[in-house]
Amino acid sequence: MSQQGSQQSQQQPEPIYLKDYKAPAYLIDHTDLRFELYEEETMVRATLRVRRNPARSGKSPLELHGHESLELCRLSIDGEVLSERDFSRDDELLRIADVPDEFVLECLTRIHPQLNTALEGLYKSDGMFCTQCEAEGFRRITFYPDRPDVMSVFRTTVEADRKLYPVLLSNGNPVESGSADDGRHFVTWDDPFPKPAYLFALVAGDLAVLEDSYITSSGRKVKLQIYGENKDLDKLDHAMLSLKNAMRWDEEVYGREYDLDIYMIVAVDFFNMGAMENKGLNIFNTSCVLASPRTTTDAAFQRVEGVVAHEYFHNWSGNRVTCRDWFQLSLKEGFTVFRDSEFSADMNSRTVKRIEDVSMLRTAQFAEDAGPMAHPVRPESFIEISNFYTLTIYEKGAEVVRMLHTLLGAETFRKGSDLYFERHDGQAVTTDDFVQAMADASGRDFTQFKRWYSQAGTPRVEVSDSWDADKGAYSLTLRQSCPATPGQAEKLPFHMPVAYGLVAQNGVELEAGVLELTDSEQTFTFDDLPEKPVPSLLRGFSAPVKLSYPYSDEQLLLLLKHDGDGFNRWDAGQRIAVNLMQQLIEDHLAGKVLSLPDAMVDSWRAVLSDESLDPAMVAHLLRLPSEAYLAELAEVIQVEAIHAVREFLRKALAAALQPEWLEAYKRCTSDEPYSPDSDSCARRALKNLALGYLLATDEDALLALAEEQFVDADNMTDQQAALSLVVHSGFREAGQRLLDDFHTRWHHEALVMNQWFAIQASDPWPGALERVKTLQEHPLFDAKNPNKLRSLVAAFCAQNPVNFHAQDGSGYRYLADWIITLNKQNPQIAARLLTPLTRWKRYPQAAQQLMTAELKRVLAEPELSKDVYEVVSKSLA
Ligand code: ARG
Ligand code: ZN
């Protein structure tokens with residue numbers, strides 16, 4: 001074993017615990033930063049006004065975080081240079097034992113952004129400098145108390161070559177600029193709002209800008225700027241419109257106004273996540289800000305709108321009121337996701353947005369909550385915080401806030417959020433503080449409700465009913481439980497809102513409301529009913545649980561037709577399809593011949609031909625549950641059987657309803673110019689769903705229809721749908737032809753080519769791994785760019801189950817090889833890509849062995865990053 005190897009096995013990274021939280025020993029009243037950017041290195045001069053925290057008694061050493069890559073050039077206190085004996089440096093901490101109660105600390109540090117492939121801290125994306133400091137990236141820039149409960153006023157000067165970097169940005173308002181020697185220049189920025197270091201940002205580059213302005217509700221004028229590469233200047237309008245809509249919405253719905261004179265967004269191509277809410281200077285992955293009809297799909301338009309709003313909303317839920325420590329991450333993320341999803345619901349179709357959010361939650365978050373990385377919305381411990389930017393913190397956290405909204409109603413919830421913002425403005429607080437504001441504003445007791453923050457796992461709710469015909473009394477009995485998760489064997493009952501309706505045989509709603517379930521078992525009785533109703537349960541998905549009730553197919557068909565809640569109509573259809581598919585999977589495994597029941601064809605025909613329905617709703621109703629959702633529901637995941645059954649059903653439904661699909665396709669085709677409004681999106685969604693079924697008939701005439709759509713499309717939604725459907729269909733030659741054509745048209749557009757990679761990586765036909773390996777050699781593939789890794793490697797491993805789970809283990813080996821490479825280069829991305837391997841317990845024995853062997857191979861690597869170590873070790877535990 002190598003030297004490093006033995007060190008690694010002796011010194012495994014230790015978790016840190018919420019219970020160990022201590023307030024900071026020192027506060028920073030003012031932070032002055034001066035950056036000198038050069039091609040080889042960057043010099044960072046930090047001047048900090050430091051003061052002992054009066055809330056902490058006794059004398060403590062000053063502790064500053066500093067990544068091992070920082071080169072400390074000079075350190076002084078009140079002008080006196082410290083010698084090596086005055087401080088110690090180990091791991092990520094620089095300790096100065098003896099400091100005055102109040103002093104000025106000056107620190108000169110050398111860093112190398114050009115060599116930074118982790119994309120945390122200051123790094124280069126193409127030609128420009130940019131930063132990503134959340135969660136713990138600031139310690140890669142300078143020595144600092146890099147924790148969110150240390151909030152400071154920042155003044156930042158950026159100096160660089162004027163030609164190469166004409167645009168120099170940081171947080172707040174620009175206050176000074178000028179020339180420096182050697183063709184250099186500088187700009188000084190001042191941010192008056194105290195903020196934690198994770199909200200710091202800097203950008204330097206040769207950038208184009210789209211400008212606009214916004215008048216706030218109190219009449220202040222705010223300058224709006226979106227920066228990007230010159231060639232992308234025509235793709236910034238949608239983000240600008242979304243920003244203005246979000247600003248207006250936050251004033252109207254939450255009473256929140258913007259606070260600086262300028263709001264900037266910068267698009268960068270190299271980014272680990274979606275976007276970042278740095279105060280006054282958001283930095284975005286290009287994939288979450290650029291949009292144009294020719295190059296961007298409807299889904300991507302909506303994602304831009306949602307992410308722009310998300311980051312804007314953070315200005316209050318995250319920046320003005322921030323997190324005390326990283327265990328509270330969902331304080332800002334859960335609340336902000338809830339806010340952005342409500343915004344999108346108001347801008348587009350509320351029901352469709354809910355269906356999309358819940359599909360994702362039930363597929364991916366439920367799987368996370370059932371896996372080895374399961375954690376509460378407020379985790380108790382972590383090894384690497386980057387691993388906790390999860391669907392649980394974000395999406396389940398948003399569901400928890402949504403439940404408070406449901407329990408309180410919109411008006412009282414608003415009182416609670418007003419109280420929260422007023423009480424905690426300028427503070428770093430906890431999820432308890434958030435719930436307390438809701439409790440104080442409403443007079444309600446949320447002690448039990450807070451278990452949603454402390455207990456992991458997806459609760460189960462089993463419902464049974466009884467009917468007393470003489471009295472007209474109907475009773476529902478709800479029993480809740482929650483499976484064990486790592487470190488949590490026993491769970492206590494949750495406080496959950498169960499929205500419901502009672503539907504009569506003729507479809508009329510007899511009663512509706514919200515039940516509050518608090519005990520492990522509770523019975524609710526409804527009197528004076530004319531007949532035994534069909535219960536519509538968990539309307540709008542009012543709690544993030546798995547609810548079961550022994551529905552008959554007749555009952556589900558009734559709800560599918562008549563439920564007054566759009567979400568539950570869709571869900572009734574899903575339940576019918578899931579029940580059938582689960583039966584077919586058993587049949588397939590037993591070697592039986594599969595067949596499609598007539599009742600299913602009839603109900604689909606009814607939906608498909610009902611022109612009174614919103615086409616987006618029809619598209620969702622007639623999309624079969626995904627392979628990933630069926631996998632999540634399965635006891636043991638039979639990858640091949642799930643795929644075979646879904647394909648069988650798709651083809652059977654395609655054949656049985658071919659004239660209706662064609663009719664719907666034609667009905668939804670329009671020659672209006674492209675617009676991303678929700679009605680047009682809805683028509684395209686149904687049209688392209690229909691095209692998918694038409695292609696599934698394997699008829700040449702229908703291939704011609706798809707090729708025609710591909711060639712004639714004036715927008716990326718239609719063109720990409722045609723491409724992906726043909727590539728994934730049985731028409732292999734045509735697929736290749738369209739791929740080549742698409743490449744010729746779009747090779748100069750990075751985001752479009754990401755889709756080209758992803759469509760091939762997720763192609764379920766045999767040989768995908770070989771094709772993916774060939775594409776790795778393509779000149780446009782760049783393993784240093786996270787978007788490219790997501791488009792090719794992650795798309796293959798997470799969206800191509802039949803090929804990834806090939807029985808020879810080649811898919812698993814492929815992923816493990818990548819993890820080993822990326823562990824050094826970009827640990828965050830490496831840990832994230834690992835997810836599909838960590839779910840090994842859900843697969844049959846043979847697959848389990850192959851998957852764990854690869855995980856063990858990764859674990860045996862020397863110098864594992866904390867990111868990868870945490871995920872691999874927990875998944876093998
Ligand atoms: N706060 C950002 C957002 O949700 C995400 C930043 C996450 N960054 C990271 N390195 N984990 O908008
Ligand atoms: Zn966020």
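Helices H17 (residues 678–695) and H19 (residues 716–728) have axes that come within 10 Å and cross at roughly 20°. That makes H17 roughly parallel to H19. This is a predicted model: local features need pLDDT of at least 70, side-chain atom pairs count only at pLDDT 80 or more, and totals for chains, interfaces and linings use all residues. Residues are numbered from 1 along each chain as its sequence is written, while chains are lettered from A and ligands numbered from 1 in the order in which they are written.

**H17 and H19**

- The crossing of H17 and H19 is right-handed. A crossing is right-handed if the near helix is turned clockwise from the far one by less than a right angle, and left-handed if anticlockwise.
- H17 contributes Arg684, Asn688, Leu691, Gly692 and Leu695, which meet Thr717, Asp718, Ala721, Ala722, Leu725 and Val726 of H19. Contact requires C-beta atoms, placed from the backbone, within 7 Å.
- Six nonpolar, three polar and two charged residues make up the contact of H17 with H19. Ala, Val, Leu, Ile, Met, Phe, Trp, Tyr, Cys and Pro count as nonpolar, Asp, Glu, Lys and Arg as charged, and the others, Gly among them, as polar.
- Helices (H or I, at least four residues) and strands (E, at least two) are DSSP runs, numbered from the N terminus.
- Axes are lines fitted to C-alpha atoms, for helices over the stretch in contact, and angles run from 0 to 180 degrees between N-to-C directions. Angles under 35 degrees count as roughly parallel, over 145 as roughly antiparallel, 65 to 115 as roughly perpendicular and the rest as oblique.

- The axes of H4 (residues 329–347) and H5 (residues 350–369) come within 7 Å, crossing at roughly 140°. H4 is therefore oblique to H5.
- Ser341, Ser344 and Ala345 of H4 make this contact with Arg350, Lys353 and Asp357 of H5. By class, the contact of H4 with H5 has one nonpolar, two polar and three charged residues.
- H5 also pairs with H6 (residues 391–408), their axes coming within 10 Å and crossing at roughly 125°. H5 and H6 are therefore oblique to each other. Their crossing is left-handed.
- From H5, Met360, Leu361, Ala364, Gln365, Glu368 and Asp369 meet Leu391, Thr392, Glu395, Lys396 and Glu399 of H6. The contact of H5 with H6 divides into four nonpolar, two polar and five charged residues.

- The protein chain is divided into domain 1 (16–206), domain 2 (321–453) and domain 3 (460–550). These bounds come from an automatic or database domain assignment.
- The C-alpha centres of domain 1 and domain 3 are 54 Å apart.
- Ligand 1 lies between domain 1 and domain 2, because both give residues to the shell around it.
- There are 14 residues around ligand 1, and Glu134, Met273, Met276, Ser386 and Tyr389 come nearest. A residue is near a molecule if its C-beta atom, placed from the backbone, lies within 6 Å of it.
- Strand E20 (275–276) and helix H3 (298–313) each supply at least two residues of the shell.
- Five nonpolar, five polar and four charged residues form the shell around ligand 1.

**Backbone exceptions**

- Most residues other than glycine have a negative phi, and most peptide bonds are trans.
- The Glu134 to Ala135 peptide bond is cis, with omega near 0°. Ala135 sits in the loop between strand E11 (128–132) and strand E12 (152–161).
- Asp182 is not a glycine, yet has a positive phi of about 60°. Asp182 is in the loop between strand E14 (173–180) and strand E15 (184–195).

Technical notes. Contact = placed C-beta atoms within 7 Å.
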